[in-house]
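Hi,

Here is the structure I promised to pass on. Have a look at it first, and then read my notes below.

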Amino acid sequence: MQYKEYKDGIKLSRLGMGAMRLPVLNQDEAQIDYDQAKALIDQCMKGGVNYYDTAFIYHEGKSEEFLGRALAGYPRDTFYVADKFNYQANPDYRAQFQEQRKRLQMERIDFYLLHGIQDHFADDITGSGCIEYFDQMKQEGKIRYLGFSFHGSADVLSRILDMYPWDFVQIQLNYYDWYYGDAKELYEILTQAGIPVVVMEPVHGGMLADLTEKAAEELKGEASQASWAMRWVMGLENVQVVLSGMSENMQVKDNLETFSQNQPLTEEEHNKIEKAAEIQYSTVAVACTGCRYCCPDCPQGLDIPFLLNVYNEAKIGDAWRLNKLNGLPEDKKPSACQDCGTCSGHCPQGFDIPGYMKEMQKIMKEL
Ligand code: SF4
Ligand code: SF4
């Protein structure tokens, strides 16, 4: 495992385990398959991963408890836990923080973040008093390092950076968002401010590990598509930890292999990646990461990422693929969408989800 110096003599593994896509039972997010998921944690620990990332809302509140239990058998100084305050789930930061330590069964949270700040609630969360409170927790040793994860604009990022001497910031960073999103701009702001970057979504929710056929042609060979994406992100000087929401042992194995050595991309490989991104961009309609932040508050209980995935398949050229949705109950089809827009408000990518639902209905009618 490759490690990188952080602060205070701490060395963090360059690969971090994200506990948000763990194996589950009965396709129920809230029922983590303990044995299978614990095996993944053991595999990571054995492979030298020492950074474990969770959040109040992951797996409908079950991720923290799982992680605390899975790590309990290891000496406390052999791993670091990152956890996040979710303002939308419960703005009472005191209560949430205490609850989190209870779920984790840990006195101290090593890396603590304000979760997924977006422009539309940035002022609410930063003005809530939580920063002052978490700073106090830091002084008391209950938090070691304080940061935030971010899904907003460059202006808002700069504004938040001025509010507090943050220890680190977590952003969505991968080659696709670098070329076709705002990842480069955000990364450069943080680098200029001297703030280490923790990377989330290095394979864009799985999209860069499963490229369209044409884009995949550019990266063909023995190495996995995911490893190309990981090596690309590792090559950025100011990247401290790269999080991967691992859900199966082959994925852990592949990541451990990738992160076991420092293999910077050659110029030729960089060019191939840029080309793959270009092809992917031209074929994918909605680059949904599958994070599911949009799902819990949908009044119709629509499986939005699933619907968008089918929409993408249809947009790549085969409109008939939307026929797949005919098998869904009426109240789970795109036509059940009430156009309330709640989902878009939660989407870190800012997608016009009701717009896509309408377009799907239209195409389905024409089929
Ligand atoms: S706009 Fe449609 S998909 Fe989005 S939350 Fe409302 S009902 Fe659900
Ligand atoms: S639509 Fe947005 S919020 Fe929903 S799963 Fe996709 S990226 Fe996440």
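I'd start with strand β5, which is covered on both faces: Tyr80, Ala82 and Lys84 are buried on one side, and Val81, Asp83 and Phe85 are buried on the other. In general, side chains in a regular strand alternate between the two faces of the sheet. β5 spans residues 80–85, and six of its six residues are buried. Buried here means that 20 or more other C-beta atoms, placed from the backbone, lie within 10 Å of the residue's own; 12 or fewer makes it exposed, and anything in between partly exposed. Helices (H or I, at least four residues) and strands (E, at least two) are DSSP runs, numbered from the N terminus.

Before going on, a word on the ground rules. This is a predicted model, where local features need pLDDT of at least 70 and side-chain atom pairs count only at pLDDT 80 or more, while totals for chains, interfaces and linings use all residues. Residues are numbered from 1 along each chain as its sequence is written, with chains lettered from A and ligands numbered from 1 in the order in which they are written.

Now the neighbours of β5. Strand β4 (residues 51–53) runs parallel to β5, joined by three bridges; strands count as paired if DSSP finds at least two bridges between them. Asp53 has Ala82 in β5 as its bridge partner. Between β4 and β5 the chain passes through helix α2 (residues 63–71), in a right-handed β-α-β crossover. Right-handed means that, with the strands pointing away from you, the path from the first strand over the helix to the second runs clockwise.

Strand β6 (residues 109–117) is also parallel to β5, with four bridges between them. Asp83 is partnered there by Tyr112. The link from β5 to β6 goes through helix α3 (residues 93–104), and this β-α-β crossover is right-handed.

What sits around ligand 2? Its shell has 15 residues, of which Cys288, Cys291, Cys294, Pro305 and Cys347 come nearest; a residue is near if its C-beta atom, placed from the backbone, lies within 6 Å. Helix α13 (residues 304–315) gives the largest share of that shell, three residues.

As for the whole protein chain, there are 15 helices and ten strands. Of its 367 residues, 41% count as buried. The C-alpha atoms fill a box of roughly 60 × 50 × 45 Å along the principal axes.

Cheers
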